[in-house]
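I opened a new page for this model. These are my notes on what I looked up, chain by chain.

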Amino acid sequence: MKNYRSRVFIGILALVVAIGIAQMKNALAADTIKFGFIGDATGTGAELYRGQKQGLDWFFEEANASGGIFGKKLELIVRDAKLKADVGAALARELILDQKVDFLLGGISSAVCLAVSNVAKEFKKPYMIQSTNTSTLVEEAFHKYVAQGQPNTNMLGRGLGYFVGKSGFKSTAYIGNDYTFGHTLWKSYSDYLKKNAPHVELKKSFWAKQGEDDFTPFIQPLMAQNADIVYCTLWGGQLPAFIKQATPYGFFKKSKMATLFDLIVLIGSGTDMPEGLLGYSVAPFYAIPTPEMKVFNEKFYKKYNEWPSDYVILSYDNMKGLTEAIKKAGSTDPDRVMKAIEGLRFVGLRGPMYYRPEDHLSSAGLYMGYTAADPKYPFRILKDVTYVPGEAVWTPVEDLKQLQPKK
Amino acid sequence: MGIEFFFMMFVNGLSQGMGIFIVASGLSLVFGTLRVINFAHGSFYMIGAYIAVSLSTLLGTGSLFSFLLLMVLAPPAIALLGLSLEISLFRRIYGKEHLLQLLLTYALLLFLDDTCRLIWGGRYLGVSRPVILAGSIDFLGHSLPTYNIFILGMGALIALGLWLLLYRSRSGNFIRAATSNPRMLGALGVNVSKVRTGAFVMGAWLAGLGGVFMAGLGTINLGMGVDKIIECFAVVIIGGLGSIGGALLGSLIIGVGLTLIQLPFGKLAVVFPYIAMALILIIRPWGLFGKTER
């Protein structure tokens, strides 16, 4: 009998303690604004994820050091979607339903972001796309709770198309990944050329699976196109691999190549990267002329002994935009915040920018240039850089209305 | 595009196929001998590549000698890893249902992936090719990378070595006997457990060697093991379980097929290995060189 009473007493005590802890957690949670970051820490996107996390950690540390927002600390909860769309969607639900996050932040994979965006729409949770470029997110799959903070695939393809069209190239071919990112880039690039530079002949396009590591089957057929310039949209570890494998075939003696040259690719290729390749970057630390970027570069290098990648800068700027929207809304209410984002102007590391009301797309542009050696760095950088504003290449509003779901 | 162009494409395809064969042969050996679906075989390949990168920072790069040293030193490290896993984990699942094997080995793959991330981080790494293998030769008016010829040659040597081992050596006789009738082999006084361990360790060694070659071919990154294991499974199914000759033919079919399909049907390239696999499963489910299960 005595044993029974003890057990009941211990059970009740445990229950009281558990409830107390839960209440304490809720009390703490009420003092924080929660951001759920669904990144892609595993696989070919791992290094990009590292940059995003660095940018987010930097912003959160800065923001919390200056008191947070409305006196509340900002809390970051991180998940790994492993580049898998179904995993990303499940994690989004878990973050919303179990962790009770106020906002969702995007990773790298277009497929994951599209899946998470659907969940964000279902639960009316604001979703800030930090690095993923696919234009589908703010066009065919647009909804009021999504925003995109960097040039998307339509803008990148058009931007390059503009340069190729006016640079004297007579023919072009393409190699990319066989999923939405690769296809939207090819479409925007080729559509732009067909309409604005019909003198540029469009040759064949080649499609590698995501995660492909051996490009032997592609290189010779690509060279056989005899294109003046090849648009290559392979990314992450695939691009340095392609460059390493294509070089002994004499690929770069035959054709120019144009691609995204983020810092990860530039460092990964090192001095193996040929000079004189045309390309673009969305946030090159060495070419952004703002005083904020200069200060950030010095502090970041001092702390990490490395330069900030494009993904660090994009994550930081996206958080800046989101938190400005929260402050403008005066609340974390999703509808009020997303309303506040429309037309919101703020200054990030990349300088002044705003979110277009029709698609919540940032006006930040892209930086076009040519790879070149620089004695300050052990890797190539882009030189003769031209900034292409977002407004010059984003989808016109009248076209946007045709693409977006009807309300 | 003349005949020499297509011949060059064929040679490129052979080279790619050999790269796949080196890893797939290990999987075929393990699958055939132990009847274990080992998803972690892809991790052995990935870890072999990472170890090659780490060793190259100590040994230096640029010389053929240092690259050959990587080939000598990295695979035994993977073989040792394979040995420890075989003794501690795999022995417990021999003869168990395939779903259990799949779950365990997939969990092991995820564990090893995350371990690699903790050790090497997420950066894209690689090994510089030796200077003598970094260029190309002019062949029929086209450039053929020397490194691709090297992989082709190494693959052929490995195929020959495996044939000699399996069909011209006592150990090979035991491995083949353990595949067809382990009880009879045990009854003859042979330690079947040691034979199985030997086959598993050899499979891991081959995967590690494949990883070393990959480190020189391109860049290595987390998750590359998963992509490779799916390709290897396709090869094993096409070639037949436990057949090294089948693994060789299956690898070459995939390598050459992927290359030749680019021009006429480039958009089908992604699904080509799986179409080939599906056709084999329909027409000849035991694979090209496999034996029907009794």
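The entries below go from conventions to chain A, then to chain B.

**Conventions**

I am working from a predicted model, where local features need pLDDT of at least 70, side-chain atom pairs count only at pLDDT 80 or more, and totals for chains, interfaces and linings use all residues. Residues are numbered from 1 along each chain as its sequence is written, chains are lettered from A and ligands numbered from 1 in written order, and side-chain values use heavy atoms, with hydrogens and water left out.

**Chain A, overall**

I looked up the secondary structure of chain A and found 15 helices and 14 strands. Helices (H or I, at least four residues) and strands (E, at least two) are DSSP runs, numbered from the N terminus. The radius of gyration of chain A is 23 Å, close to the 22 Å from the globule rule for 407 residues, so chain A is as compact as a globular protein of that length. That radius is taken over C-alpha atoms, and the rule is 2.2 Å times the number of residues to the power 0.38. The C-alpha atoms fill a box of roughly 90 × 45 × 40 Å along the principal axes.

I checked burial next. Of the 407 residues in chain A, 62% are buried. Buried means under 20% relative accessible area, exposed over 50%, and partly exposed in between (1.4 Å probe, protein chains only). I then took contacts, meaning heavy atoms within 4.5 Å. Among chain A contacts between residues at least 6 apart in sequence, 69% join residues at least 24 apart.

Where does Ser363(A) sit? I found Ser363(A) in the loop between β12 (351-354) and β13 (366-372). Its relative accessibility is 6%, so Ser363(A) counts as buried. Leaving out residues up to four places away in sequence, Ser363(A) touches Met353(A), Tyr354(A), Tyr387(A), Pro389(A), Gly390(A), Glu391(A) and Trp394(A).

Most residues other than glycine have a negative phi. Phe70(A) has a positive phi, near 55°. Phe70(A) lies in the loop between α2 (46-65) and β2 (73-80) of chain A. At 45% relative accessibility, Phe70(A) counts as partly exposed. Lys124(A) also has a positive phi, near 55°. I placed Lys124(A) in the loop between α4 (110-123) and β4 (127-129) of chain A. At 47% relative accessibility, Lys124(A) counts as partly exposed.

**Chain B, overall**

Chain B comes to 12 helices and two strands. Along the sequence I read the pattern α-α-α-α-β-β-α-α-α-α-α-α-α-α. The radius of gyration of chain B is 19 Å, close to the 19 Å that the globule rule gives for 294 residues, so chain B is as compact as a globular protein of that length. The C-alpha trace of chain B spans about 60 × 45 × 35 Å along its principal axes. Buried residues make up 53% of the 294 in chain B. Among chain B contacts between residues at least 6 apart in sequence, 77% join residues at least 24 apart.

**Chain B, helix α2**

I checked the length of α2 (residues 41-59) of chain B. At 1.5 Å a residue its 19 residues should span 27 Å, and its end C-alpha atoms are 26 Å apart, which agrees. The expected span is 1.5 Å times one less than the number of residues. Of the 19 residues in α2(B), 15 are buried. Just after α2(B), Gly60(B) takes a positive phi of about 85°.
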